Amino acid sequence: MNFEEAEHVTQLRDTLRRFLDKEMPRERARELDQKAAYSPEIFAKLCALGVAGLTVPEEYGGAGVDVLSAIIVIEELAKRGTSLAGPYIHCAFYGAMNMLENASEAQKREYLPRLARGELLFAYGLSEPDVGGDLASAGVTARRSDDGSKIIVNGTKRWCTGARIADVIYTLVRTGPKEDRYRNLSLVLVPTTAKGLSIVDIDHIGLRYSETTDVIFDEVEIDAANIVGGPECWNQGWDMLVGRGLDVERLEITAVALGIASVAVDDAWRYAQERSQFGRKISGHQAVRNMLVQARTKLAACRHMLYHAAWLATEGRDCSVESSMAKLFVGDNAVDIVLTCQRVMGAYGCAREYDMERYVRDIVCMPIVGGSSNMQQNNIAGRLGLANR
């Protein structure tokens, strides 16, 4: 296998780094993190580079599906915080990847061109107050009107990050008896402007490009045309949920972890060569040298794991095991990497004037969000046919 980076990928990285230096300097990233906000103006400039189209085929106005390149976009953006990486995921992955995989042709024609231009953001409405990893137990209900033209949604979704900045909630709903767990689920597109929809913020420590929220549906009425896949896909939500889109979702959140870990190593590596203690640069002390080398070695392994899974996804090959392995390995090891880098910087690694404290707040979420490490281990065991009884 050739591990040399393709020229177009190197050019993409260079373009993004120049963009971030100009539009998202470190001071601006800290300011947005403290406000739990993102800048629509800067995001629009990012999308003008064409990167939102990396998950959209050319026939729908995109650049052609290149999951690996889109993952690298996330990695580079995440090095400067999540105020651009987060909205990019909501557009290119939550929106475009799901619409590409599951939408009807009419829905693709409606949504994909706008997503390719960065004009829409989607949020996930999957988890609920009593439903985390076990999504087949979803309790938010949806029923069809007597004439079948409308859908009425009721219930509460939890951990719905970005609902306040999103245009659409990609919502998993219960559309039949709860006992038949997998066959009575549907996915629907709920505009955040819909009457009866309300949003309640949940304060949280990391990934602060937007508030995480509860989304409450009180007799929210939408058109039946908003059933993902079209009205004929009523009760077919489970198969859509556990398909290729979920595999790729694991990759995008893993790319955030890789980006954060990468910049943490860079910062600690530089700091160790600037800071002097006991008559020498701290990079000359064996304990510090060992910590930095271990962090960089783990980082290289993380990068290989993620890129291999993303390459499989780009090639249209099954990556369900590899994406779970990448999420598990990178999510857990990125925490170790960043905490090691924080120790290298000592007290300065805890100070708000340095970015390391943000890296720590963001990275500790990674073994949890996007499917916890325990869930990934269960997924891998099941996919590889490991007997459980």
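Trainee: Why is asparagine 235 called partly exposed?

Mentor: Asparagine 235 has a relative accessibility of 25%. Buried means under 20% and exposed means over 50%, with partly exposed in between. The value of 25% falls in between, so asparagine 235 counts as partly exposed. Keep in mind as we go that this is a predicted model.

Trainee: Where is asparagine 235, and what is its phi?

Mentor: You will find asparagine 235 in the loop between β7 (212-223) and α7 (237-241). Its phi is near 75°, which is a positive value in a residue other than glycine.

Trainee: What makes tryptophan 159 count as exposed?

Mentor: Set its value against the cut-off again. Tryptophan 159 has 51% relative accessibility, and exposed means over 50%. Therefore tryptophan 159 counts as exposed. This residue lies in the loop between β3 (150-157) and β4 (168-174). Tryptophan 159 also has a positive phi, about 55°, although it is not a glycine.

Trainee: How do you know which class tyrosine 354 belongs to, buried, exposed or partly exposed?

Mentor: Its relative accessible area is 28%. That lies between the cut-offs of 20% and 50%, so tyrosine 354 is partly exposed. Tyrosine 354 sits in the loop between α10 and α11 (356-363). Leaving aside neighbours within four places in sequence, tyrosine 354 is in contact with Met345 and Tyr348. Tyrosine 354 and aspartate 267 are 87 residues apart in sequence, yet their C-alpha atoms are 9.4 Å apart in space.

Trainee: Let's turn to helix α12. Which of its residues are buried?

Mentor: In α12, which covers residues 373-383, Ser373, Gln376 and Ile380 are buried.

Trainee: How do you know that the buried residues line one face of α12?

Mentor: Look down the axis of α12: the buried residues fall within an arc of 55°, so they line one face of the helix. On the other side of α12, Asn374, Asn378 and Gly382 are exposed.

Trainee: What covers the buried residues of α12?

Mentor: The cover includes α8 (244-272) and α10 (320-345). Just after α12 comes glycine 385, with a positive phi of about 75°.

Trainee: Which residues make the contact between α3 and α5?

Mentor: From α3 come Ile42, Phe43 and Leu46, and from α5 come Leu84, Pro87, Tyr88 and Cys91.

Trainee: How many nonpolar, polar and charged residues does the contact of α3 with α5 have?

Mentor: The contact of α3 with α5 has 7 nonpolar residues, with no polar and no charged ones.

Definitions and conventions. Residues numbered from 1 in each chain as written. Predicted model: local features only at pLDDT ≥ 70, side-chain atom pairs only at ≥ 80, totals over all residues. Heavy atoms only, no water. Buried < 20%, exposed > 50% of the residue type's maximum accessible area, 1.4 Å probe, protein only. Helix = DSSP H or I, 4+ residues; strand = E, 2+ residues; numbered from the N terminus. Arc of directions from axis to C-beta. Contact = heavy atoms within 4.5 Å. Nonpolar A, V, L, I, M, F, W, Y, C, P; charged D, E, K, R; others polar.
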